[in-house]
Amino acid sequence: MTDFLLSHWNYFIVVLLMMIGLFIVISSMNLVKKLIGLSLFQTSVFLFYISLGKINDGTAPIIMKSGHDGHSSHDILYSNPLPHVLILTAIVVGVATTALGLALVLRIKASFNSIEEDDILQAKRELRKRSKSS
Amino acid sequence: MSTLFINISLVSFMVVIALMITFSHRLFAIIIMSGAYSLISAAMFVNLDAVDVAFTEAAVGAGFSTVLFLAAMAWLPAEEKRHKALLILPLIICLVTGSLLMWAVAYLPAFGDPTSIVHQHVAPRYLAESYDKLHIPNVVTTVLASYRGFDTLGETIVIFTAGLGVLLILMGKTGRTHNPTTSNDTARDEDVNEK
């Protein structure tokens, strides 16, 4: 049982972190805090992928050619480079989407003078009522 | 064994920070804590042999996105409004989703298992032949720029579109209370991002 827990510890914690991020996104009314929750969620997904790519006693996937003492690159155990590549792309795209989200938040602040979701919804409701009555 | 120990302590630290973010209401503190969270995850990535990912995360995740948030905070209120929202529904959703994911995750191969199915398909080929074909020692670079160059091209297009979107949102139709200096400054940030 402890063996199982230790060997899957990373995955369980990643799920826990994901759920904390999801909880912040759903429960928080503040738009900036929502974005932070989204980036927490994102980072935990990155962690999940990188954990999958790890090999015990492996090393970073940078080929070492020693040659003269007979060691070829096949004798060294490297961790899986493929998840690393995927996550490199995802990190940069994640920041781009965060920037887009922040721009939207600034725009919302300019129009509604608030970044709290309930205030914004109420303002929208009042706007709709006013346009109906006029 | 030491890898596992470092893993467990770093990851527990991340959980503590995430919980602190959940219960904090001051946005500046939240932003700095999320920067710390990214930095610890970068340390985690070094420990998991993903050095390229680690320095990208440290530079872009912990550095640049924190700066972006702080720049945006110049025009936003610093405190989150306290309100009596119903937390029971989000809690139930998170618990149900979390337990489903935990159930699924329990069936994954053990952490660090070299016979895991992830390591069987294309990665061995990349590791075996990339140096002889392209003479770049770093396999991650080779895969990113050569084997999966089109993915990287797509990534650049996504970032370009995002930068364009930010510029259009901030510089286009401005609202009544909108301050023109706001859009220009943040837009300049985005220009840097694009490059």
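The radius of gyration here is taken over C-alpha atoms, and the rule for a globule is 2.2 Å times the number of residues to the power 0.38. This is a predicted model, where local features need pLDDT of at least 70, side-chain atom pairs count only at pLDDT 80 or more, and totals for chains, interfaces and linings use all residues. Residues are numbered from 1 along each chain as its sequence is written, while chains are lettered from A and ligands numbered from 1 in the order in which they are written.

Start by selecting chain A. Its radius of gyration is 23 Å, whereas a compact globule of 134 residues would come in near 14 Å. Colour by secondary structure: chain A has four helices and zero strands (DSSP runs, H or I of at least four residues for helices, E of at least two for strands, numbered from the N terminus).

Now bring in chain B. Counting a contact when C-beta atoms, placed from the backbone, lie within 7 Å, 74 residues of chain A touch 88 residues of chain B. On the chain A side, helices H1 (2–27), H2 (31–53) and H3 (81–112) each supply at least two residues, and H3(A) gives the most, with 25.

Next, zoom in on H3(A) and helix H6 (residues 139–147) of chain B. Their axes (lines fitted to C-alpha atoms over the stretch in contact) are 9 Å apart and meet at an angle of about 55°. H3(A) and H6(B) are therefore oblique to each other; angles under 35 degrees would be roughly parallel, over 145 roughly antiparallel, and 65 to 115 roughly perpendicular. Show side chains for Pro81(A), Leu82(A), His84(A), Val85(A) and Leu88(A) on H3(A), and for Val139(B), Val140(B), Val143(B) and Leu144(B) on H6(B): these make the contact.

Asn113(A) lies between H3 and helix H4 (117–133) of chain A, with a positive phi near 55°. Is Asp49(B) buried or exposed? Select the loop between helix H2 (27–47) and helix H3 (51–73) of chain B, where Asp49(B) is found: Asp49(B) is buried, with 24 other C-beta atoms within 10 Å, and its phi is near 70°.

Note on methods. Contact = placed C-beta atoms within 7 Å. Axes fitted to C-alpha atoms, helices over the stretch in contact; angles between N-to-C directions. Buried ≥ 20, exposed ≤ 12 C-beta atoms within 10 Å, placed from the backbone.
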